[in-house]
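The following note sets out points for a colleague who is reading the structure alongside its sequence. Please keep both in view while working through the numbered paragraphs.

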Amino acid sequence: MSLPLLIVDDSSFARKQVIRALPKEWEVEVSQAGNGEEAIALIEQGKGEVVLLDLTMPVMDGFAVLEEIRAKDLPAIVIVISGDIQPEAEARVMKLGAVAFIKKPLEPAVLSQVLRDFGIYSG
Amino acid sequence: MAFTQAKGRILTDEVLDEELRDCFQELSNVAVGRAADLLARLLNNFVIMPIPVVNLLERSELSMALSSVQDAQSVSAVCQGFTGSKIAGEALLIFNDASFTDMAELTHFKGEITEQIELELLMDIANILIGACLKGLAEQIDVSFSQGQPYLLGQHINIDELLNKNGASWKRLLTIELPYRLEGRAVNCDLLLLFTEDSLNVLRDKVSYLLE
């Protein structure tokens, strides 16, 4: 069975870049969300066992998504992919339960390595 | 597009389709992230990342692009031109004058905040934000910009006066508005990147490979 992967970013251009950067051999079922609220709804439907999460978004940002996942104890492994490269932003998301922080612009090799590091992808 | 809706009108843009607008917004997002990082380090204060607002506007509509400072009674601003790879534009950094008390505190300035001190703060922040933003943007689309000298547009003036002072007379502009906030601080500043209409065509070509 394919792994439910959720890509969250307010930019469809950015979501496309993430999809392109996914390992080719990786069997995933990709869902997309344009803001945090949509993301939480999809995670609750089981569409986001692994979540690739942007931080700067309207309606509900990435920090709030992480808080919500924690508050509702949702089963999601979250990797943040963000243009907000302040060390404090990284520290905050790690404290909120993200497993990794990747800087934009996204490099496919970096994403693959992070996925391997956490045993999410074994190719 | 939030501010256009808030204003109760929809802007007609014939040239800027949604895909391109979204692409510029994301490229800007990455660029402002670098600028925010530098600013946060300088001031030792977390910067709330702006969501870039990209639009194609008539010159007369420019004041609408200044959502975060448009209610300010009094603003101060610097302007810096840039050009390169057939792209030309201006960067405007606009501070709500109410921001200077906190700005001075963050830079550990003690003493009376004179106009001269405000000017120095304004220039320091402009150098960091404008430089980092333009560099971040340029790198992603594989161009390089050279920047002119920053100059003061005005101190303690209102937005309309400010926009009249801005010399550029291009009719239509590609505008990228970046409203920066400092967490826990009453600092409101808007970085506005203005590109000539001709630049839009060059920019479109530059990003076309990203949109394939």
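**Notes on the predicted model**

1. In the largest nonpolar core, which has 90 residues, A:V51, B:A77, B:L93, B:I94 and B:L191 touch the most other members. Helix α2(B) gives the most to this core, with 12 residues. A nonpolar core here is a set of buried Ala, Val, Leu, Ile, Met, Phe, Trp, Tyr and Cys residues joined through C-beta atoms within 7 Å. A residue is buried if 20 or more other C-beta atoms lie within 10 Å of its own, exposed if 12 or fewer, and partly exposed in between, with C-beta atoms placed from the backbone. In soluble globular proteins, nonpolar side chains tend to be buried together.

2. This is a predicted model, in which local features need pLDDT of at least 70 and side-chain atom pairs count only at pLDDT 80 or more, while totals for chains, interfaces and linings use all residues. Residues are numbered from 1 along each chain as its sequence is written, and chains are lettered from A and ligands numbered from 1 in the order in which they are written.

3. Chain A contains five helices and five strands, which run β-α-β-α-β-α-β-α-β-α from the N terminus. Helices (H or I, at least four residues) and strands (E, at least two) are DSSP runs, numbered from the N terminus. The C-alpha trace of chain A spans about 35 × 30 × 25 Å along its principal axes. Of the 123 residues in chain A, 41% are buried.

4. Chain B contains six helices and eight strands, in the order α-α-β-β-β-β-α-α-β-β-α-β-β-α from the N terminus. Buried residues make up 39% of its 212 residues. Among contacts in chain B between residues at least 6 apart in sequence, 75% join residues at least 24 apart. Two residues are in contact if their C-beta atoms, placed from the backbone, lie within 7 Å. For chain A, residues 24 or more positions apart account for 62% of the contacts with a separation of 6 or more.

5. Which helix of chain B gives the most to the side that touches chain A? The contact takes 17 residues from chain B and 13 residues from chain A. Helix α2(B) gives the most to the chain B side, with 11 residues. That side has nine nonpolar, four polar and four charged residues. Ala, Val, Leu, Ile, Met, Phe, Trp, Tyr, Cys and Pro count as nonpolar, Asp, Glu, Lys and Arg as charged, and the others, Gly among them, as polar.

6. On the chain A side, helix α1 (residues 12–21) has the buried residues A:F13, A:A14, A:R15, A:K16, A:Q17 and A:V18. These pack against β1 (3–8), β2 (28–33), β3 (50–53) and β4 (77–82) of chain A together with α2 of chain B.

7. Within chain B, helix α2 (residues 18–43) and helix α4 (residues 115–140) pack at an angle of about 145°, with their axes 8 Å apart. Axes are lines fitted to C-alpha atoms, for helices over the stretch in contact, and angles run from 0 to 180 degrees between N-to-C directions. The residues that meet include B:A35, B:L38 and B:L39 in α2(B) and B:L129, B:A132 and B:C133 in α4(B). The residues of this contact divide into 13 nonpolar, three polar and one charged.

8. Leaving aside neighbours within four places in sequence, B:L191 is in contact with B:A91, B:L93, B:L129, B:I130, B:C133, B:L178 and B:Y180. B:V47, in strand β1 (residues 47–48) of chain B, counts as buried because it has 26 C-beta neighbours inside 10 Å. With the same exclusion of sequence neighbours, the contacts of B:V47 include A:Q86, B:L39, B:Y180 and B:L182.

9. Some backbone details deserve a look. A cis peptide bond joins A:K104 and A:P105, with omega about -5°; A:P105 is in the loop between β5 (100–103) and α5 (108–117) of chain A. A:V59 has a positive phi near 70° and counts as exposed, with 12 C-beta neighbours inside 10 Å. B:D142 has a positive phi near 60° and lies in the loop between α4 and β5 (146–147) of chain B.
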